[in-house]
Amino acid sequence: MAQAQAAEPAEPAGTFAPLGVAVFRRFWFANVASNFGSLIQAVGAAWLMTLIASSDTQVALVQASTTLPVMMLSLVTGAMADRYDRRRLMLWSTLFMLSVSVALTVCAYLDLLSAWGLLGFTFLIGCGFAVHNPAWQASVRDFVGMRMLPQAVLLNGMGFNVTRSVAPALGGIVVATLGAAVAFAINAASYLGLLFAIFRWSGSEGDERRDLQPEGLRAAIRAGVRYAGSSPHLLRLYSRGFAFGAGAIALLALLPLVARDQLGGDSLTFGLLLGAFGLGAVGGGLVSNALRKRLTSEQMVRLAFIVLVFVLLLVSLSRWLLLSMPIVALGGGAWVLALAFFNTSVQLSTPRWVVGRALSLYQMTTFGGMALGSWVWGLWVTHYSLPIALQIAAGALLIGLSLGFRWPLTDRTALNLDPLDRWREPDVALDIVPRSGPIALAIEYLIDPDDVPEFMAAMQERQRIRRRDGARMWKLYRDLERTELWIERFELPTWADYVRFHSRTTQEDGEVLDRARALHRGEARPRVRRMLVRDPGDTRFGRPGETPDLGALALTDRSP
């Protein structure tokens, strides 16, 4: 946290301001080097697959094999990024990717690779990336602070696409002259700079309170899913990310076939197309800040969808490399605009304690769309033709575009998601321990009849926030005799969950919660009753005069 505060600028940050933060700068250059190697490997794997595959579907599956692990593992790896030491996660995942890349190099050099074996290696590298990426993405905000976060995310995208503009063409030359094994070896060596940056970093743990009993991994996963499911803005971002990934991935997944079949080229042709895509993405990154000032969030996303629709249609018709390259470059610009916007919006809409899980869910939906799209468009090529597959993908993007008319994205860049930090743990008469529970809360309000409609509207939003942060069995009651008396009641599994529940409340939530409190017409504050839920048939309470172990009395069948 100290790093983020030190990096906080007094004025709005420029595009390259995050590079002034030493730890971010080291990781940025290390990631550029790693991305350089990964893209050279991607060219080698994709082109090698065109030579050893028995069907066009297997060619498209190369792209799917790297995105599928992100979809499968994101829930777990996101929870790990919030719960464990992120430095250690990044270290071990990088070592794993290095080891797999070395094994892939050896197998390719010895000519031991089959089509399915190649897919298996790329899948394992994707698994390492699935563990590494949430920890890295969640740490960016610690490095540069909230004000420079959009620029940092954009720089990450630009760094990747700077390498995309050069590495694929170089990869095509390497594969054509030296073979795929050399391309795989370059990728293995590219992880060394990332390891150096990790060793120089002191590390960052997850953002939950450290004085609490650690939340179990399954409970952390459920908490992340619950938070996202109770956040309409995140759900809209996820749905648009899925739709964009499913349609837009056709351009990258089928680009080897475009180079080979439509343009009659070789691995160098494929590399030039990828280089054009990368140059376009860099251009998209450079104009992103200007577009953000002129367009709303929904307009930015719609622009990216529309551009990709026309790009896919034009690529399906082009038969000349010099015409296809600028078209593909335009697609690269739209690609980086959309994905950088989605990533930044997720982080700016999410408090620190759950940011890793929110990002992983975003990656799961977006990369899941990419994996599904890669497979589907490969099938369309196999059963119909390459131009038809590209045109159907453009139609799928039009469906994703239409979602914005029904559920438009809103601008939420001014949210204050810092902890509210005004709740203090109360003194209780019983000797409560962290695993004592369940804990029931009852909050009493006195509401004038004229204020009931406004109160109900406030409580509807309050219910969403309570459940999102972990409350169970939330109910609102009205007294039949004292009609001005309303009671909000909910439960939490343990005392530790109750403390954690309050630590998750943000400044933005506080404004919503205060709306109901302001309508209270009784004492200075609504009365709060905290209760330990107990079954009268539970024999563990002991005999009269004995003091029970409240920790042992926690009902384990109702714990998370």
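Patches are built from residues with over 30% relative accessible area and no salt bridge, joining like charges within 9 Å and nonpolar side chains (Val, Leu, Ile, Met, Phe, Trp, Tyr) within 5 Å. The views below come from a predicted model, in which local features need pLDDT of at least 70, side-chain atom pairs count only at pLDDT 80 or more, and totals for chains, interfaces and linings use all residues. Residues are numbered from 1 along each chain as its sequence is written, and side-chain values use heavy atoms, with hydrogens and water left out.

**View 1. A nonpolar surface patch that includes Leu110.**
Val102, Val106, Tyr109, Leu110 and Leu112 together make a nonpolar surface patch of about 540 Å² (accessible areas come from the Shrake-Rupley method with a 1.4 Å probe, and for residues only the protein chains shown count as cover). Leu110 sits in the loop between α4 (86-109) and α5; helices here are DSSP runs of H or I with at least four residues, strands are runs of E with at least two, and both are numbered from the N terminus. With a relative accessible area of 49%, Leu110 is partly exposed (buried means under 20% relative accessible area, exposed over 50%, and partly exposed in between, with a 1.4 Å probe and protein chains only). Do look at Asp111 as well, which is found in that loop between α4 and α5. Its phi is near 60°, a positive value in a residue other than glycine, and at 66% relative accessibility Asp111 counts as exposed.

**View 2. Helix α5, with a bend at His132.**
Helix α5 covers residues 115-144, and at 1.5 Å a residue its 30 residues should span 44 Å; the expected span is 1.5 Å times one less than the number of residues. The end C-alpha atoms are 43 Å apart, which agrees. Where does α5 bend? The place is His132, where α5 bends by about 25°, and Pro134 follows within four residues. The bend is the angle between axes fitted to the seven residues ending at a residue and the seven starting there. Most of α5 is covered, with 23 of its 30 residues buried. After the helix comes Gly145, whose phi is positive, near 85°.

The 28 residues of helix α13 (residues 321-348) should span 40 Å at 1.5 Å a residue, and the end C-alpha atoms are 40 Å apart, in agreement. The C-alpha atoms of Leu322 and Leu273 are separated by 9.6 Å, although the two residues are 49 apart along the chain.

**View 3. Strand β1 with its partners β3 and β4.**
Is strand β1 (residues 439-446) largely enclosed or open? Seven of its eight residues are buried, so β1 is largely enclosed by the rest of the structure. β1 pairs with strand β3 (residues 485-492) in the antiparallel sense over eight bridges; two strands pair if DSSP finds at least two bridges between them. In this pairing, Leu446 stands opposite Leu485 in β3. β1 also pairs with strand β4 (residues 527-532), again in the antiparallel sense, over six bridges, and here Ala440 stands opposite Met531 in β4.

**View 4. The salt bridge of Arg240 and Glu298.**
The structure holds 15 salt bridges, each a side-chain nitrogen of Lys or Arg within 4 Å of a carboxyl oxygen of Asp or Glu. In the one shown here, the closest N and O atoms of Arg240 and Glu298 are 3.0 Å apart. Arg240 lies in helix α9 (residues 232-253) and Glu298 in helix α12 (residues 297-317), so the pair ties together parts that are 58 residues apart in sequence. Both Arg240 and Glu298 are buried.

**View 5. Two further salt bridges: Asp469 with Arg468, and Glu484 with Arg482.**
Asp469 and Arg468 form a salt bridge whose closest N and O atoms are 3.1 Å apart. Asp469 counts as buried at 2% relative accessibility, and Arg468 is buried with a relative accessible area of 5%. The side chains of Glu484 and Arg482 meet in a salt bridge at 3.5 Å, N to O. Here Glu484 is partly exposed, with a relative accessible area of 31%, and Arg482 is partly exposed, with 43%.
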